Amino acid sequence: MSTFTSTTRTQVAIVGGGPAGLMLSHLLHRAGIESIVLDTRTYEQIETTHRAGILERDSVRLLVESGVSDRVLTDGHEHQGIDLRFDGVSHRIDFQKLVGASCWLYPQTDVFIDLHAARVRDGGDLRYGIADTAVTDHRDAPHVAYTDADGRHEIRADLVVGADGSRSICRDLVANPQRLFREYPFAWFGILAEAPRSAPELIYTRSPFGFALISQRTESVQRMYFQCDPAENPDDWSDDRIWAELQRRLAGQDGFALQEGPIIDKSVLPFRSFVQTPMRDGKLLLAGDAAHTVPPTGAKGLNLALADVRVLAETIERALLADDETAPDSYTDRALARVWKAQHFSYWMTTMLHKASDASDFDERRQLGELETLTASEAGSAYLAEGYTGWPSV
């Protein structure tokens, strides 16, 4: 006798209902493939989690051209460049002039809201706020079980996708994976502040006191970060102390100063680089943070997840609609080709702009030399612009 309250049959079970899982479900729906999306978090929990968001041009194109929403174009902010600030002077990297591309400031929360609305609009099967998710038989006949208020349920699927984030349960099902990572000896102290914009675009700052990033959220709420020790306690920092630290890192001969206001949120964000390979085991495939994470310096996390599911949707379409059993074989290599580009770009941006605790005078001057060379060279600036706005999809 079955111990399940219900059993459902679908083509693809997607564990993880964040932007990656929802985008995959949306693309599969457009191809005529059924899916069920599962997440232990509630919709409200995800919707109210503040996450920054810089979208590459292809990520914006994917949202708009796939019919999710054009709100990124109406409510998002196009950024045609960034400022690199060092030695107290800002140097603009003009993306449009260098590579003819832009990126968009559009919070990840809004990407989630748009994708969720699109799946609801199209009748998607979305199951949030569940518990005790378990994936079994993923090499032959995948089953996903979970619990909700009505009991224990089972989903039988042709394929299972783990898009369940950096604490993935699906990741551990891959047999004999290679896990590659790099820990960083610093973190970001992040704040949300009720204040006017201090600049129209992002400012990446290298100072003798450590890195700082000035970003935006809305006309009246701003997002800012500064390099700190991973063990730092946000409660030890008053508003006055935070603003003093940010102001001294941005100070310079041009007289630039931040617009200040009440700080409404503060947190410490440790980060590391991580890649797991392969991204597939039998009929289980991984996407996004379940398979890889990057430091936030290069703004690549969400964009990599969307790039993964773009490739994954094509792979699943070939596997299920064209009966091509070999289609999943190439998924890992195709996805990781972009992942490793992003890992290098994020590592490069991070090490170029952050202050190492054991840095010598030589290290400090070499770092400044790198920044001076980059900003004085059109070819060097173009490399940064191309990486930041996103390499062409393959």
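## Around His 26

Contact here means heavy atoms within 4.5 Å. By that rule, and leaving aside neighbours within four places in sequence, His 26 touches Ser 66, Gly 67, Val 68, Ala 118, Arg 119, Arg 121 and Asp 122. Bear in mind that this is a predicted model.

His 26 itself belongs to helix 1, which covers residues 19-30. Is His 26 buried or exposed? His 26 has 1% relative accessibility, and the cut-off for buried is under 20%, so His 26 counts as buried. For a sense of span, take His 26 and Leu 368: they sit 342 residues apart in sequence, and their C-alpha atoms are 45 Å apart in space.

## Gln 108 and its contacts

Next up is Gln 108, a residue of helix 6 (residues 108-121). Setting aside residues up to four places away in sequence, Gln 108 is in contact with Pro 19, Arg 51, Ala 52, Gly 53 and Leu 302. Gln 108 has a relative accessible area of 15%, which puts it in the buried class.

Where the two meet, 24 residues of domain 1 contact 25 residues of domain 2. Together the domains bury about 2,100 Å², with 64% of that on carbon and sulfur atoms. On the domain 1 side, three residues stand out: His 79, Pro 296 and Trp 348 supply 24% of the area that domain 1 buries against domain 2, more than any other three residues.

What about polar links? Nine residue pairs are in polar contact across the interface of domain 1 and domain 2, with both partners at pLDDT 80 or more. Salt bridges across that interface come to zero. As for which elements of domain 1 do the touching, strand 4 (77-79) and helix 9 (331-353) each bring at least two residues to the side facing domain 2. Helix 9 gives the most to that side, with six residues.

Most peptide bonds are trans, and most residues other than glycine have a negative phi. A few spots here go the other way.

Start with the peptide bond between Thr 277 and Pro 278, which is cis, with omega at about 5 degrees. Pro 278 falls in the loop between strand 16 (263-277) and strand 17 (280-281).

Then there are two aspartates. Asp 132 is not a glycine, yet its phi is positive, at about 55 degrees. Asp 132 lies in strand 9, residues 131-136. With a relative accessible area of 52%, Asp 132 is exposed, the cut-off for that being over 50%. Asp 323 also has a positive phi, near 50 degrees. Asp 323 sits in the loop between helix 8 (301-321) and helix 9. Asp 323 is exposed as well, at 64% relative accessibility.

Methods: Residues are numbered from 1 along each chain as its sequence is written. This is a predicted model: local features need pLDDT of at least 70, side-chain atom pairs count only at pLDDT 80 or more; totals for chains, interfaces and linings use all residues. Side-chain values use heavy atoms; hydrogens and water are left out. Buried area is the accessible area (1.4 Å probe) that two parts lose on being put together, summed over both. A salt bridge is a side-chain nitrogen of Lys or Arg within 4 Å of a carboxyl oxygen of Asp or Glu. A polar contact is a pair of N or O atoms within 3.5 Å; within protein, one must be able to donate a hydrogen and the other to accept it, and residues adjacent in sequence count only if both atoms are side-chain atoms. Helices (H or I, at least four residues) and strands (E, at least two) are DSSP runs, numbered from the N terminus. Buried means under 20% relative accessible area, exposed over 50%, partly exposed in between (1.4 Å probe, protein chains only).
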